[in-house]
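Please examine the sequence and the structure shown below before reading on. The report that follows is meant to be read with both at hand.

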Amino acid sequence: MSLAPSAPAAERPSSLEETQPGRVAPIDRSLAPAVLTLAAFGALWAVVAALAGLAASLQSHLPGFLAGEPLLFGRLLAVEHTLLTFGWLTNAGLAFALWAAHRLGKVELRVSWAPVLGALGWNLALAFGACALLAGRGTGLAWLELPRAFGPFLTACFLVVALWVASAFSRRHTGHVFVSQWYILAAILVFPVVHLVSQAMVLWFPAAGVVQAVVAAWHAQHLAVLFLGSLALASLHLVIPKALGAPLRSYYLAPVGFWTFLAFGTWSGTASLVGSPVPAWAQSVGVVGAALLFVPVLIVSLSLLPTLVAGGPSGKGSAPLRFATLGALAFLLWGAASAVLPFRSVSALLRFTDVEVAHAALGLQGFVGFSLLAGLYYLLPRVTGRAWPSPALVAAHHACALLGLLGLVVTLAGHGWLQSSGASPEAGLAWNAAASLFRFLLLLGAVAFLLNLLLLLVARPARRDLAQASAR
Amino acid sequence: MNNLSLILAGVFACLSLSWGGVVLATQVQLAGLAPAAAEDGGPLKPALAPGLAVIGKDVYVSQGCQACHTQQVRPAGQGADIARGWGKRPSVARDYILQDRVLLGDRRLGPDLADVGTRLADDAKLHLHLLAPDAAVAGSTKSGFAHLYQQVPAARARNAVSLPEGHALAPAPGMAWVPTDRAVALVAYLRSLRADHASPEAPLPE
Amino acid sequence: MNDRNPERGPRRDGRPPRRDDAPGSLPPEAFSDHKLTELHSRLARDKEEPSEGFSSTPVFLVFLLCALGFWAGVYLTRNAGGFSAKTFDLNAPKVAATAGPKAFVADPKKGMELFNAQCASCHQPTGLGLAGVFPPLAGSDWIDGDNERTLKIVLAGIAGEMKVKGNTYNGNMPAIGAALKDAQVAHIVSYVNQAWGNAQPAVTDAQVAEVRKKIGARGQYSPKEILAEHPLK
């Protein structure tokens with residue numbers, strides 16, 4: 001806030017908001033159908049994914065639990081991963097992107113039934129997709145699990161929502177484009193391009209041999225980091241200053257962070273293939289990309305974390321800020337792990353073990369999940385014009401998510417360490433059982449969020465004054 | 001950073017660069033690989049898998065085996081794969097060129113299977129492992145795939161899978177476990193997973 | 001970066017933002033969208049003209065990026081295996097370059113696999129051929145220890161009327177061996193010489209090379225021509 005005095009008074013003509021005090025409320029109201037559809041489906045898939053993850057985890061230490069078709073371990077994992085990434089995180093990310101693009105562009109959503117239709121199509125296809133996976137129709141490839149016929153339709157539905165996000169950009173009123181908008185723009189471009197190209201090269205016109213594995217690794221990294229990660233960063237960059245009421249520290253570094261994030265992230269895909277039968281140079285390129293990715297992680301963290309710290313206790317009680325803090329911390333930890341794990345000496349020990357699963361959970365459920373939750377906790381009350389109905393459920397969600405994820409990451413990493421020492425699978429049973437416990441906590445958290453969201457949706461219609469309160 | 005078209009162009013340029021530099025470049029380098037003889041003029045490898053194994057691969061995928069098993073042997077300096085007896089030599093790109101879907105896998109809750117056809121060259125052992133893992137490996141933590149087997153009267157049973165005395169899955173009296181078509185194909189696929197030949201890029205150790 | 005925008009100072013009342021999850025009421029936004037973008041627009045510009053409280057782009061960052069770029073280059077040149085499509089294992093001993101020529105030993109297993117791939121479509125895996133179309137190799141009177149004849153047939157092919165084990169054939173065998181390596185031909189012919197009860201000496205890759213050189217680039221033999229060079233025993 002040290003900037004305040006330096007702002008020359010002459011440069012301060014009355015803002016749009018001062019002349020038209022009610023301007024934000026109509027934007028929020030116009031977004032309600034699309035954003036609420038996306039968020040509700042997202043919350044639902046988060047619960048289903050957590051259930052599938054829990055069931056698979058239980059099977060890993062209770063052989064024979066729910067054994068037999070269709071609930072096989074491999075199928076449950078495919079369902080969990082698909083619904084976590086394309087179900088929960090993508091829905092939440094798109095909800096946030098729609099809202100942020102319109103809010104920051106100061107435009108209302110037009111033809112709001114179109115993105116609702118896109119969202120319905122996306123989620124209906126996912127429901128069918130999950131059934132197909134349980135029926136054993138999956139492809140067996142991470143991030144490309146769904147049968148290939150789903151790809152084009154899902155991408156088309158995504159494009160409908162993405163086009164409405166993009167239209168907010170093209171109609172925007174403001175001059176300065178805020179950092180969140182850059183990340184959103186990057187995300188909505190990355191997904192369709194990378195997903196279509198990779199689907200084509202792996203499922204429709206399979207490339208020769210291990211080139212498929214290279215494409216799949218490139219695809220997975222882009223979707224995880226440059227698509228979901230960008231949406232998460234967009235959320236953190238917006239929620240933290242807005243909820244704190246303080247500008248971001250070191251904002252002048254934001255463009256450096258953004259471009260290094262893209263430029264290094266895009267080369268880091270093959271880091272997951274170290275030791276695999278792909279040419280050594282391709283592996284090394286991935287290692288370098290993943291290591292350099294720590295630069296933007298550091299730059300962004302050096303902006304977000306000090307802002308949070310300086311924000312001090314004022315934000316303590318607010319749900320968005322609490323989740324944003326978790327998201328920002330998970331981002332830093334995940335980034336550090338990503339930079340270290342691919343090096344050949346480390347990978348020799350830890351590759352294929354549950355340390356990698358822990359790393360993925362930290363990135364997807366921690367960094368991306370918590371950051372987008374921060375966004376949803378911030379925007380949903382404004383879109384509905386009502387506060388969260390149950391603070392107790394918010395607190396429960398926060399506690400379960402924090403404890404559950406922390407415990408899960410620690411137990412998975414512990415189990416992975418055990419695996420790397422060549423211990424027999426029996427020795428890991430206790431770790432697996434502990435992991436199940438923490439997965440149960442994560443499930444409880446997801447249920448709490450879904451419940452609270454449903455309560456918010458069915459709560460009394462907004463009173464006018466509340467809607468206006470959100471406008472100020 | 002206020003010009004959105006420039007940002008979009010920049011993002012697209014980043015994507016295209018890495019696609020060209022990693023995906024396209026490996027494609028160009030590896031697309032020409034064909035079955036080859038190792039140095040001293042041996043037979044061409046890899047060979048096409050028999051038809052039953054091709055069907056078995058679909059069973060493998062649909063049963064989710066790849067969630068726990070990889071199919072890649074890492075070089076000696078990069079993990080203990082060879083020391084654990086999962087293969088005599090590291091896997092190389094040429095080993096996979098005839099596969100229409102490459103299942104390298106990314107998680108190992110069980111052993112690597114790239115060379116399981118040489119390690120367990122015995123249908124009966126493989127069937128036992130799938131029907132009742134705990135009968136094949138003491139203290140196994142793996143769920144069985146009993147749904148790939150059926151009980152028929154012992155008199156009519158061909159290729160019956162025999163379980164040790166008193167096993168929990170012991171068939172009803174007078175009955176015997178026999179593999180279904182899916183199990184037969186799956187085992188044919190497992191038998192076809194072999195990496196016991198030298199490759200120009202990876203000679204067999206003396 | 002855009003100076004024409006209306007600017008708005010930060011909140012002057014200094015109230016801390018209220019809790020978002022307080023039941024029943026929705027607090028006002030601590031930071032309106034407009035203020036957010038305007039303030040950050042100014043902060044972005046501070047890069048060029050640093051003002052109190054905000055340093056310019058740290059020199060250390062520039063250095064860090066340069067150093068990392070240098071490291072990346074070094075790492076890549078050291079760990080890329082010469083960007084070769086054939087290097088998968090950076091620690092692999094470079095055997096191929098140092099190992100000297102090895103003495104050839106015919107391998108019946110390789111011989112069988114190669115035979116099944118190259119010859120069995122006509123002569124059958126059993127070596128019995130097909131009556132009237134493809135002559136047998138098992139027990140054939142043409143497999144009589146004169147390896148040069150067999151090698152010539154395999155390397156150059158044979159077409160025309162011939163008698164094998166008393167039956168007449170008039171077929172056409174292409175120059176299969178022309179596309180195979182010397183060692184591969186040697187494995188096959190050694191296998192044919194010793195499988196199915198045949199008992200003739202094995203051949204080496206050097207012998208194959210010699211015959212290949214002798215016949216040069218030529219068309220198929222006719223049985224008459226080859227029997228003139230190598231009469232049956």
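## Chains A and B as a whole

The model is predicted, and every value in this report is computed from it. Chain A contains 16 helices and 0 strands. Its radius of gyration is 22 Å, close to the 23 Å that the globule rule gives for 472 residues, so chain A is as compact as a globular protein of that length.

Chain B holds 6 helices and 2 strands. Read from the N terminus, the order of its elements is α-α-α-α-α-β-β-α. The radius of gyration of chain B is 22 Å, whereas a compact globule of 206 residues would have one near 17 Å.

The table sets out further values for these two chains.

| Property | Chain | Value |
|---|---|---|
| Span of the C-alpha trace along the principal axes | Chain A | about 70 × 45 × 45 Å |
| Box filled by the C-alpha atoms along the principal axes | Chain B | roughly 75 × 55 × 30 Å |
| Buried residues | Chain A | 68% of 472 residues |
| Buried residues | Chain B | 50% of 206 residues |
| Contacts between residues 24 or more positions apart, among those with a separation of 6 or more | Chain A | 84% |
| Contacts between residues at least 24 apart, among those at least 6 apart in sequence | Chain B | 67% |

Helix α3 of chain A covers residues 73-105, which makes 33 residues. From its first C-alpha to its last it reaches 46 Å, close to the 48 Å expected at 1.5 Å a residue. A kink of about 35 degrees is present in α3(A), with its centre on Leu83(A). Of the 33 residues of α3(A), 33 are buried, so the helix is largely enclosed by the rest of the structure. After α3(A) comes Lys106(A), which has a positive phi near 60 degrees.

Helix α5 of chain A, residues 150-170, has 21 residues and reaches 30 Å between its first and last C-alpha, close to the expected 30 Å. Its buried residues include Phe150(A), Leu154(A), Phe158(A), Val161(A) and Phe169(A). Against which elements do the buried residues of α5(A) pack? They pack against α2 (24-61), α3, α4, α6 and α7 (211-244) of chain A, together with α1 (4-30) of chain B.

## Aromatic rings

Over all chains, the count of aromatic pairs comes to 32. One pair is formed by Trp122(A) and Phe191(A), whose ring centres are 5.9 Å apart and whose planes stand at 65 degrees; the pair is edge-to-face because an angle over 60 degrees is classed in that way. Trp122(A) lies in helix α4 (residues 113-134) of chain A and Phe191(A) in helix α6 (residues 179-204) of chain A, so the pair ties together parts that are 69 residues apart in sequence. Trp122(A) and Phe191(A) are both buried.

The charged end of Arg148(A) is placed over the ring of Trp204(A), at 4.2 Å from the ring centre. Arg382(A) lies over the face of Tyr378(A), 4.1 Å from the centre of the ring.

## Backbone features in loops

Where are the cis peptide bonds described here? One runs from Glu69(A) to Pro70(A), with omega near 0 degrees, and Pro70(A) is in the loop between α2 and α3 of chain A. Another joins Lys45(B) and Pro46(B), with omega about 0 degrees; Pro46(B) lies in the loop between α1 and α2 (51-62) of chain B.

Positive phi values occur in residues other than glycine. Ser250(A) has a phi near 50 degrees and lies in the loop between α7 and α8 (254-265) of chain A. In Gln124(C), phi is positive at about 70 degrees. Gln124(C) belongs to the loop between α5 (120-123) and α6 (147-156) of chain C, and its relative accessible area of 23% makes it partly exposed.

## A proline between two strands

Pro171(B) is located in the loop between β1 (149-153) and β2 (175-179) of chain B. With a relative accessibility of 27%, Pro171(B) counts as partly exposed. Apart from neighbours within four places in sequence, Pro171(B) is in contact with Gln151(B), Leu163(B), Ala176(B) and Trp177(B). The C-alpha atoms of Pro171(B) and Ala155(B), which are 16 residues apart along the chain, are separated by 13 Å.

Notes: Residues numbered from 1 in each chain as written. Chains lettered and ligands numbered in written order. Predicted model: local features only at pLDDT ≥ 70, side-chain atom pairs only at ≥ 80, totals over all residues. Heavy atoms only, no water. Helix = DSSP H or I, 4+ residues; strand = E, 2+ residues; numbered from the N terminus. Expected span 1.5 Å × (residues − 1). Bend = angle between axes of the 7 residues up to and from the residue. Buried < 20%, exposed > 50% of the residue type's maximum accessible area, 1.4 Å probe, protein only. Phe/Tyr/Trp six-rings, centres within 6.5 Å; stacked < 30°, edge-to-face > 60°. Lys NZ or Arg CZ within 6 Å of the ring centre and 35° of its normal. Rg over C-alpha atoms; globule rule 2.2 N^0.38 Å. Contact = heavy atoms within 4.5 Å.
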